[in-house]
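This briefing is for a reader new to the structure shown below.

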Amino acid sequence: MLRPVIYQLWTSYSNMLFLTRNRLIVKKGVDFKQIDKEWHWDNFILLQAIVAFLVLHMFPTSETLPVWNKNGVVSAVLLHVAVSEPLFYTLHRCFHGDYLFSNYHSLHHSSAVPQAYTAGHATFLEHLMLTLVIGVPIIGSFLIGYGSLSLIYGYVLIFDLLRCLGHSNVEIVPYRMFETIPFLRYIIYTPTYHGLHHAEMGTNYCLFMPLFDALGKTLNTKSWNMHKNKCLESGKNGRVPDFVFLAHVVDMSSSLHAPFVNRSVASLPYYTRIYLIPFLPFSFIAMLLMWAKSKAFLNSFYNIRGRLHQTWVVPRFGFQYFLPFAADGINNKIEEAILRANKLGVKVISLAALNKNEALNGGGTLFVNKHPDLNVRVVHGNTLTAAVILNDIPETVTQVFLTGATSKLGRAIALYLCRKKVRVLVSLRRRLVLQLISSIDHKLHRI
């Protein structure tokens with residue numbers, strides 16, 4: 001169970017955009033198609049577990065394995081460098097040939113945004129090859145009498161850890177380490193290094209050690225400069241979003257459907273899943289921590305027609321919006337998010353769900369009145385819908401018949417049209433309501 005946990009933790013970290021947004025290598029979101037394709041990413045773990053069971057069954061031993069054997073660690077490292085690394089490099093280059101790539105390896109490269117789960121997204125033949133690569137140091141150490149429990153667990157988990165590192169799409173390896181000890185860049189790869197392989201595919205074939213790319217003359221010459229630039233960029237703010245959707249957490253169960261908690265669950269239609277119930281106490285603890293100290297954070301992003309859209313989350317749960325003593329704290333968090341968006345240069349911020357509650361802040365008017373010099377447009381779903389409808393009405397129109405409920409949306413449309421000297425026709429009942437409102441608002445009597 002430790003192996004899936006490693007991949008899950010790496011994937012969760014990659015999706016914590018409030019921590020990793022400036023360190024992303026491929027600055028794209030993971031779409032549902034990729035998640036669906038990688039759904040069975042853990043097949044290789046099951047295969048390797050079956051192979052290990054068969055090996056133990058075919059070659060039983062009556063000896064009790066020692067917990068630790070330092071000679072086993074040395075032999076495993078030597079076998080990894082001398083056998084596993086060149087074997088993987090050779091096989092990997094072969095899988096980039098026309099036939100093997102078209103029929104097998106292209107599946108692995110079909111994922112647009114590498115993540116830890118992408119490491120396991122491959123065909124059965126590739127899983128067999130990887131099983132051979134990972135098995136050589138372990139079986140070899142046992143054959144020469146240096147096997148131990150720590151060797152099995154340690155090598156396999158470190159192997160998984162490094163595979164996740166290369167596919168994480170988040171650069172965390174400091175470039176100064178390579179500047180201080182230059183030879184290290186040939187000993188351990190980085191997410192940027194392996195990301196270049198996914199981007200250009202004709203270079204950087206190594207397992208973990210770029211030394212073999214250097215020996216095979218397949219090392220991408222841009223690797224070191226790109227790694228340094230990615231590290232330097234991590235200290236700067238990235239592209240400013242054009243639009244921010246300011247949401248909040250709904251309840252304990254929905255919080256477990258966040259992409260950084262479990263992206264597979266987040267990709268499915270929402271409902272309370274029985275297997276997530278044991279994790280509700282963790283959600284409760286997270287709620288208390290966010291209540292004590294937190295601020296609005298980035299949850300997801302996407303690009304539409306060249307414009308960057310982000311979803312920020314106010315760290316409050318739905319039930320907290322109905323607690324009278326929590327109102328001021330919630331408004332402070334919303335105000336902080338609006339001011340931050342204004343400072344960054346965001347064009348529009350939309351208040352979602354209970355963040356626009358009339359009883360809480362008058363649908364956002366509290367912040368607009370308090371900060372009249374805001375450059376960012378503070379809107380919500382009703383105002384956006386009204387804007388779309390009004391934009392579709394030709395300027396030559398002189399009167400409009402308005403039907404439907406006398407809601408906030410209907411009132412906003414009617415009042416705006418009146419200000420534009422457009423006559424609004426409604427039923428008698430709705431007319432009385434709208435006339436009352438319009439008489440208060442600029443003394444308009446065109447309804």
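This is a predicted model: local features need pLDDT of at least 70, side-chain atom pairs count only at pLDDT 80 or more; totals for chains, interfaces and linings use all residues.

Which residue in strand 4 does Phe243 stand opposite? Phe243 stands opposite Val348.

**Strand pairing**

- Strand 1 (residues 243-248) pairs with strand 4 (residues 348-351) in the parallel sense, over four bridges.
- Strand 4 is also joined by four bridges to strand 5 (residues 377-380), and these two strands run parallel.
- Val348, the residue opposite Phe243, stands opposite Arg377 in strand 5 as well.

**Helix 1**

- Helix 1 covers residues 2-14, which makes 13 residues.
- From its first C-alpha to its last, helix 1 reaches 19 Å, close to the 18 Å expected at 1.5 Å a residue.
- The buried residues of helix 1 are Arg3, Ile6, Tyr7, Gln8, Trp10, Thr11, Ser12 and Ser14.
- These buried residues pack against helix 2 (17-20), helix 4 (43-58), helix 7 (124-143), helix 8 (149-167) and helix 14 (263-266).

- Glu126 lies in helix 7.
- Glu126 is buried but has no salt bridge. The nearest side chain of opposite charge belongs to Arg163, 8.1 Å away, whereas a salt bridge requires the nitrogen and oxygen atoms to be within 4 Å.
- The side chain of Glu126 does make polar contacts: one of 2.4 Å with the side chain of His105, and one of 2.8 Å with the side chain of Thr123.
- Leaving aside neighbours within four places in sequence, Glu126 is in contact with Phe95, Tyr104 and His105.

**Salt bridges**

- The count of salt bridges comes to seven.
- Arg3 forms a salt bridge with Asp160, and their closest N and O atoms are 2.5 Å apart. This pair links distant parts of the chain, with Arg3 in helix 1 and Asp160 in helix 8, 157 residues apart. Both Arg3 and Asp160 are buried.
- Glu38 and Arg263 meet through their side chains in a salt bridge of 2.4 Å, N to O. Glu38 lies in the loop between helix 3 (32-37) and helix 4, and Arg263 lies in helix 14, so the pair ties together parts that are 225 residues apart in sequence. Glu38 and Arg263 are both buried.
- The side chains of Lys222 and Glu200 also meet in a salt bridge, again given as 2.4 Å, N to O. Lys222 is partly exposed, with a relative accessible area of 38%, and Glu200 is partly exposed with a value of 38%.
- Arg239, Asp242 and Lys347 are linked in a network of salt bridges.

- Met201 has a phi near 65°, a positive value in a residue other than glycine. Met201 is found in the loop between helix 10 (191-200) and helix 11 (211-215), and it is partly exposed, with a relative accessible area of 28%.
- Arg305 is not a glycine either, yet its phi is positive at about 50°. Arg305 is found in the loop between strand 2 (297-304) and strand 3 (307-314), and it is exposed, with a relative accessible area of 83%.

Definitions and conventions. Residues are numbered from 1 along each chain as its sequence is written. Side-chain values use heavy atoms; hydrogens and water are left out. Buried means under 20% relative accessible area, exposed over 50%, partly exposed in between (1.4 Å probe, protein chains only). The expected span of a helix is 1.5 Å times one less than its number of residues. Contact means heavy atoms within 4.5 Å. Two strands pair if DSSP finds at least two bridges between them. Lys and Arg count as positive and Asp and Glu as negative; His and the chain ends are not counted. A polar contact is a pair of N or O atoms within 3.5 Å; within protein, one must be able to donate a hydrogen and the other to accept it, and residues adjacent in sequence count only if both atoms are side-chain atoms.
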